[in-house]
Amino acid sequence: MLDRVLVVDDSNAIRAFVRASLEGSGRARTVVEAASGFEALRMLPRERFDAAIVDINMPDIHGLEVIKLIRASKAHQGVPVLAISSEGASKDRERALALGADAWLDKPFTPELLARSIDDVVERRARVPSSEGGP
Amino acid sequence: MSDEADRVRDEFLAESQEIVESLSRDLLLLDHGQKHGRADPDLVNSVFRGVHTLKGIAGMFGYRELSETAHVLEDLLDHLRLGRVALAQSSLDVLFEGVEVLQRLLGAIRGESHEVDLASFRRGASGLVGQSAAPAADPLAAYDLDPSMLGVLTEYEEHRLRTNAEQRVPLYRVRVRFALSSIDTDLDALKARLKPAAEILTYLPSVEGSGDDAIELEVLLASSTPLAELRVLVGDSPVEPIPMREGPSRTMPPPPLGASPTGTIAGSIAPVLSRAPVSDEGRELVPSRDAGAEAIAVRAVAKTVRVDIAKLDHLMNVIGELGIVRSAVGRVLDRLGARADLRPISSELHRIHRSFERHLEALQDGVLDVRMVPLGQTFDRLARAVRQVAREHDKEVRLVVNGGDTEIDKLIVEELIDPMLHLIRNAVGHGIESREQRARMGKDPTGIIALNAYQKGNHVVIEVEDDGAGIDPQRVLARAVERHLVDLGAARELDDQAIKQLVFLPGFSTADQVTDLSGRGVGLDVVRTNIGRLGGVIDLHSTTGIGTKFTLTLPITLAILSALVMRVGSHTFAIPLTVVQEALFLEPRSIRVVDGRELITLRGQSLPVVRLTELFRLGEPTRQRGYVVVTSLGQRRLGIVVDALEGQQDIVTKPLGPSLQNVRGFAGATDLGDQRVVLVLDAPALLDEVLSSDPRVSAGAA
């Protein structure tokens, strides 16, 4: 079980959904919510997360930039990052993966699919040494 | 777990509703901008983002129709924001229709039954998207841009960059350092300063310049403003032009979004609007963009919580119970006061009691305040209806709103939308004349509908006023006689104002031709019943050729009331003080009987009176001496004759059980705190019942 998972999304409903899915399925002890990219940036230097779920389409700084900064931070450069967004934006998807997201999950997704994706990225990260985490 | 599921679903519904409301506001702004030849790409993008989020969450929660509708809208908006479809009235029609469909689908999810016509909306949307033009060739080669920067742009940002590049608008890079703690507000301030002079294409956090408490953003600007002026606007941070590889720059504004030939993109929509002639304070209904931005800011810092209104009701009930405790302590105090030996204790208890009373009042005010919402949200929704109905009738109508910040109980607001929509449809459909008719009468071809709201004591007054043809009493009378709502003999004695009130009778329909818009089988009688259910009344004032005004008088809250407790024989009743104007001794000789109804004269005016013993057939002997409680609501007044007045008390009205739900005349029951449960009179129903059972009008009115 992951101890703390960060979810960055401007939608209250999505954050509530992710929290219920991960805490309910026992994947995470605590899901910490950030309602904007800036809120996430404020948390990153002060807190420790074991994984991050980042929405791409957000009003202040978008998810691509959050992912870039997660990879640039010392404490979190090796954490598993799952990018989430609605299907269709194929360019955004390529860019998210190029910037260091471990996987991309199209909305809508079910709680089971989210849980499986998290298992997946955590497992994939566990196989690489954290020093190779950055892009 | 199921509680958790409900909570998550509530979160979904609340957020979806918020999105649809802000879509509606943004579309009205876009519509306004389009009509004035301006289009704001940020606004189109913000609408796109809202629909995009809605599509995402609807999909997650398994609401397929909602998600698909949002998807269709998103597609269209994507074409609009990427410049492939022009922003015109026709595309706005489809967008407005889409929002209406979303609203109805949400209603259906909440369990309000709505019929939704998805097919017509989809046809309209796909028709537009089908016409879209092919995107242009890559113009970015002209600029010396850092290729790694292009890798972090979203598709939309890239499109805006290309659009500016096609016009060879100069680009600038600005590095600005922000404290992380205040970046939201600082960045907003920078955006606001730059907005008239430059378009912000993107801002990218730079990895090198960022620390734990601060972050450096690399802001990419497109601007035709001279560099010196830009530097002043930006302030301390250096502004660095991005070199062009070939040819001189053409200094011209970026292209308009859409086809409007006079549009400029750089100028924000400046809501400097002509003031409406109907009122000095009038503002045309272009919702404030700031309000939306503020709402987003508030949500971002997560300082708000959503609370189920049922929980507030529960708190209110507890406060009601505390009020009862307070009264009980007051009575003990009275008994203590009579004992000279206990004087010190009683005066100490008295002090505590007073302080308790003060805090209880503050608590009550606080909870009431939380329930209050401004009427502005409702008015936004009505503005959409006005636009739609006006377009369907091919009329020109301007909506003027006053007092959108007037606050009223959330529960009342929700019940208010349908009756208000009905009044608005009536006003546009039947009130405002056609352009030609107005021209013939020397009126401005654009009709005006005014929505005014203001607080008046414990009530909120909402007026729906049009400057149309007014209600023709002769036609109303003819229709009422034809429908047997009133007989001819009685009709002759009615004055014009009384005749106009007949439109509220069940079975009356004002339109000669029943149109799809206003004649949905719902009449003004239903509007009146719904308003009455909220403890309010509706009045009508109309002048032929000048216009019609409906006035709704509503209580501010349904939660807690000050009431007058009064006695009739062995029965005790409470009546909300909000409707009580005064109470007087009844002088038996002052009663006159006119047309089978008892009247007294109060300061020169006739006041109909009713005896509760007779109205409720209590079987108590009618006493000679007593009191008249003068009640008034809107323009109507009625005296209620009772035997004695007990005093004033705060009450929490509890609904009557299901078996008594259909009994008219009572709003519910309340506990007076001394083991007595008494009935609370439903003043609007009583006024209606007594005053509309005018012996001159036939039984159709009852």
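Predicted model: local features only at pLDDT ≥ 70, side-chain atom pairs only at ≥ 80, totals over all residues.
**H1 and H5 of chain A**

- Helix H1 (residues 12-24) of chain A packs against helix H5 (residues 111-127) of chain A at an angle of about 65°, and their axes are 9 Å apart.
- Since angles of 65 to 115 degrees count as roughly perpendicular, H1(A) is described as roughly perpendicular to H5(A).
- On the H1(A) side, the contact is made by A:Val18, A:Ser21, A:Leu22 and A:Gly24; H5(A) brings A:Pro111, A:Leu114, A:Ala115 and A:Ile118.
- Sorted by class, the residues of this contact of H1(A) with H5(A) are six nonpolar and two polar, with no charged residue.

**The sheet of chain A**

- Chain A has an open sheet of five strands with parallel pairing, and their order is E2-E1-E3-E4-E5.
- The edges are held by strand E2 (28-34) and strand E5 (103-107) of chain A; each has a single partner strand, so one side of each is left without a neighbour in the sheet.
- On average, and with direction ignored, neighbouring strands of this sheet are turned by 20° against each other.
- Within the sheet, strand E3 (residues 51-55) and strand E4 (residues 81-86) of chain A are paired in the parallel sense over four bridges.
- A:Ala52 has A:Val81 in E4(A) as its bridge partner.

**Helices on that sheet**

- H1(A) also packs on the sheet, where it touches strand E1 (2-8), E2 and E3 of chain A. The direction of H1(A) makes about 170° with that of E2(A).
- H3(A) lies across E1, E3 and E4 of chain A, and runs at about 155° to E3(A).

**Where chain A meets chain B**

- How many residues does each chain give to the contact? Chain A gives 35 residues and chain B gives 30 residues.
- On the side of chain A that touches chain B, the elements giving two or more residues are H1, helix H2 (37-43), helix H3 (63-72) and helix H4 (90-99) of chain A.
- H1(A) supplies the largest share of that side, with seven residues.
- By class, the side of chain A that touches chain B consists of 19 nonpolar, seven polar and nine charged residues.

**A helix pair in chain B**

- Helix H11 (residues 309-337) and helix H12 (residues 343-371) of chain B pack at an angle of about 160°, with axes 10 Å apart.
- Angles over 145 degrees count as roughly antiparallel, and H11(B) and H12(B) are therefore roughly antiparallel to each other.
- The crossing of H11(B) and H12(B) is left-handed, and their contact holds 16 nonpolar, seven polar and three charged residues.

**Around strand E20 of chain B**

- Is strand E20 (residues 636-642) of chain B mostly covered or mostly open? E20(B) is mostly covered, with five of its seven residues buried.
- Strand E18 (residues 605-611) of chain B runs parallel to E20(B), and three bridges join them. B:Val610 stands opposite B:Ile640 in E20(B).
- Strand E19 (residues 626-633) of chain B pairs with E20(B) in the antiparallel sense, over seven bridges. Here B:Tyr627 has B:Val642 of E20(B) as its bridge partner.
- E19(B) and E20(B) form a hairpin with two residues between them. In the turn, B:Gly634 has a positive phi of about 60°.

Technical notes: Residues numbered from 1 in each chain as written. Chains lettered and ligands numbered in written order. Axes fitted to C-alpha atoms, helices over the stretch in contact; angles between N-to-C directions. Parallel < 35°, antiparallel > 145°, perpendicular 65-115°, else oblique. Contact = placed C-beta atoms within 7 Å. Nonpolar A, V, L, I, M, F, W, Y, C, P; charged D, E, K, R; others polar. Left-handed = near helix turned anticlockwise from the far one by under 90°. Pairing = 2+ DSSP bridges. Buried ≥ 20, exposed ≤ 12 C-beta atoms within 10 Å, placed from the backbone.
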